[in-house]
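I opened the model to check a few points and kept notes as I went. The entries below follow the order in which I looked things up.

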Amino acid sequence: MNELKGKIGFGTAPLGNMFRDIPEEEAISTVETAWNNGIRYFDTAPFYGAGLAELRLGEVLAKHNRDEYVLSSKVGRIILDAKENPSDRELGEKGGLFEHGRDNKVINDYSADATLRSIEDSLKRLKTDRLDMVFVHDIAQDFYGDEWLAKFESARTGAFRVLSQLRDEGVIKSWGLGVNRAEPIEMALELEENKPDVSLLAGQYTLLDHERSLQRLMPAAAEQGVKIIAGGPYSSGVLVGGSHYEYQEASSEIIEKVQKMKDIAQRHGISIKAAALQFILANPAIGAVIPGASRPERIAEDQAALKEVIPASFWQEMLEQKLIAENAPLPIDGHV
Ligand SMILES: NC(=O)c1ccc[n+]([C@@H]2O[C@H](COP(=O)([O-])OP(=O)(O)OC[C@H]3O[C@@H](n4cnc5c(N)ncnc54)[C@H](OP(=O)(O)O)[C@@H]3O)[C@@H](O)[C@H]2O)c1
């Protein structure tokens with residue numbers, strides 16, 4: 001997908017004060033560092049800190065020529081001027097997320113009108129005149145429990161239609177789903193009309209979790225030429241030194257599994273971050289990987305990880321210890 005301008009992008013969820021109150025200067029400097037290191041694809045969403053991540057990203061991107069970068073944001077949540085307590089938001093399994101973000105009221109709405117309004121609001125916060133890709137945000141079980149199918153249906157008759165129209169008119173280049181679960185993307189790929197041509201899957205095609213996506217989603221996406229953008233490549237941090245897994249404190253079971261992977265990486269003289277990024281990019285259905293960060297120093301670390309040479313023996317041992325799926329494409333010459 002050439003509009004992605006390089007295989008690695010930058011995910012701005014942390015910049016919405018996802019886990020901590022990030023000083024403005026640090027947030028801005030993180031985006032500037034990404035730009036100065038050649039990153040030209042940025043993903044954001046109104047939901048990230050109730051507009052905060054878009055505002056921060058927009059401040060940096062406004063200094064650059066719009067044709068030089070690719071931008072994606074999301075629809076499905078409208079940010080109002082009215083206020084609420086961020087900790088009181090109903091977020092299913094993701095309770096407490098963005099409690100350090102802005103306290104504007106967030107309304108879930110996947111209708112056609114809300115989709116258009118959401119895009120207009122994003123453009124203002126991002127100080128730009130267009131989005132390249134738009135993702136319908138979080139119509140999945142982790143946020144809506146058993147209600148998720150009803151949300152999907154509301155998006156199918158609302159957001160999906162209007163986004164297909166905008167794509168046909170050339171207002172946006174592509175649209176898809178932006179979710180933490182594979183099922184909604186699988187369902188969207190089976191639709192007869194108003195279908196996505198790209199999607200963002202977070203945390204479900206990673207070194208830690210990929211079995212489920214390998215069964216149906218990745219082959220179906222590859223067959224239809226729908227690129228998958230891999231969000232949450234570090235499983236929200238735990239894989240590379242953070243404490244979160246799927247946006248909550250990681251369990252001892254997950255920490256143990258990560259430790260096994262880290263021990264193998266150490267024995268083979270590589271960083272676990274290199275394995276995390278290169279594993280994802282080895283799958284031919286992947287369009288880009290978008291690690292998130294809230295500190296400037298992460299950017300150089302990510303770039304170095306992409307360049308590391310990983311010996312085949314590392315992957316061999318990961319397979320032997322059943323830490324990765326047998327049918328996963330691997331970044332080994334002649335294997336991918
Ligand atoms: N539904 C959706 O559409 C959806 C869902 C999830 C994600 N996404 C997209 O995918 C992007 C990436 O996901 P993500 O940001 O949630 O998670 P991620 O990329 O898996 O992990 C990012 C976290 O890893 C931490 N990290 C990186 N290197 C580290 C190190 N050396 N030591 C300790 N911690 C380290 C970062 O910490 P610092 O903050 O300290 O730098 C950051 O908090 C998002 O920003 C968003 O754009 C989309």
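Which residue in β6 is the bridge partner of Ser-73? I looked it up in this predicted model, and the partner is Val-134.

Next I checked the strands on either side of that pairing. Strand β3 covers residues 70-75 and runs parallel to β6, with 4 bridges between them. I then turned to β7, residues 174-179, which is also parallel to β6 and is joined to β6 by 5 bridges. In that pairing I found Met-133 opposite Ser-174 of β7.

For a contrast I went to Lys-307, which belongs to helix α12, residues 297-307. Is Lys-307 buried or exposed? I counted 8 other C-beta atoms within 10 Å, and the cut-off for exposed is 12 or fewer, so Lys-307 is exposed. I also noted its separation from Gly-237: 70 residues in sequence and 20 Å between the C-alpha atoms.

Last, I recorded the chain as a whole. I noted 13 helices and 12 strands. Of the 336 residues, 47% are buried. The C-alpha atoms fill a box of roughly 55 × 45 × 40 Å along the principal axes. Of the contacts between residues at least 6 apart in sequence, 76% join residues at least 24 apart.

Notes: Residues are numbered from 1 along each chain as its sequence is written. This is a predicted model: local features need pLDDT of at least 70, side-chain atom pairs count only at pLDDT 80 or more; totals for chains, interfaces and linings use all residues. Helices (H or I, at least four residues) and strands (E, at least two) are DSSP runs, numbered from the N terminus. A residue is buried if 20 or more other C-beta atoms lie within 10 Å of its own, exposed if 12 or fewer, and partly exposed in between; C-beta atoms are placed from the backbone. Two strands pair if DSSP finds at least two bridges between them. Two residues are in contact if their C-beta atoms, placed from the backbone, lie within 7 Å.
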